[in-house]
Amino acid sequence: MAFRAVIFDFGGVITSSPFEAFNRLETERGLPANLVRKINATNPDSNAWALFERSEIDAARFDALFAAEARALGHDLEGSAVLAVLAGAVRPAMVAALDRIKAAGYRLACITNNVPAGHGAGMARSADGNDELERIFARFEHVIESSKAGVRKPDPRIYRMMCEKLGLEPADCIYLDDLGINCKPAAALGMHAIKVTGEAQALADLSTALGMDLG
């Protein structure tokens, strides 16, 4: 096999994109489309979202800092409202693909930027083995969560951490993420990066890379 492991992002790959939920929130509040993305793209290494994903602040502090960042752009939006819609819907075909890939002999891993509070695709994992998301996470040999590792994508260190855990070289790995900014460092390290724009596209591109039908 040309590759030995497939490393997945979680939110936006295994589940639907949180950006869809953010857009619904913006519509409900009468806010500009993609406001949340704009806020999170401003000072991306030191804003409220970045600090929270590295567990450098708690939920209450995130709520206040995010609201201040929104106000700086002329809008009212509290951080707690954003967290409330962060959970994404599971994509069953992607979960089925995980099982087929593993059965074919490939190793599975996950690198996810998440926050240390709440429940859902963008939040820290729970200890409930019966939880749907936990049953999916159990399929991965290794999971690195930004909220526990203290480092977040696109920092190259988090990809190197996963390679060390797997005992593999980057060139041995395929990496899937719905954000191009997170795919770029993976590709720069030598991974075969796939930017996910939708479930069907992701499965088609992954099928081509692995030489197996996952459709």
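## Burial of S17

In this predicted model, S17 has a relative accessible area of 14%. Because the cut-off for a buried residue is under 20%, S17 counts as buried. The residue belongs to the loop that connects strand 1 (5–8) with helix 1 (18–29).

## Surroundings of S17

The side chain of S17 places a polar atom 3.1 Å from the backbone nitrogen of F19. When residues up to four places away in sequence are not counted, S17 is in contact with G12, R91 and D178.

Five strands form an open sheet in the order 3-2-1-4-5, and their pairing is parallel. Strand 3 (142–145) and strand 5 (192–195) are the edge strands, each pairing on one side only. Between neighbouring strands of this sheet, the average turn is 15°, with direction ignored.

Strand 4 (residues 173–177) and strand 5 run parallel and are joined by four bridges. Within strand 5, A193 is the bridge partner of Y175.

## Helix 9 against the sheet

The sheet is also packed upon by helix 9 (residues 156–166). Helix 9 touches strand 1, strand 2 (107–112), strand 3 and strand 4.

How values were computed:
Residues are numbered from 1 along each chain as its sequence is written. This is a predicted model: local features need pLDDT of at least 70, side-chain atom pairs count only at pLDDT 80 or more; totals for chains, interfaces and linings use all residues. Side-chain values use heavy atoms; hydrogens and water are left out. Helices (H or I, at least four residues) and strands (E, at least two) are DSSP runs, numbered from the N terminus. Buried means under 20% relative accessible area, exposed over 50%, partly exposed in between (1.4 Å probe, protein chains only). A polar contact is a pair of N or O atoms within 3.5 Å; within protein, one must be able to donate a hydrogen and the other to accept it, and residues adjacent in sequence count only if both atoms are side-chain atoms. Contact means heavy atoms within 4.5 Å. Two strands pair if DSSP finds at least two bridges between them. Axes are lines fitted to C-alpha atoms, for helices over the stretch in contact, and angles run from 0 to 180 degrees between N-to-C directions.
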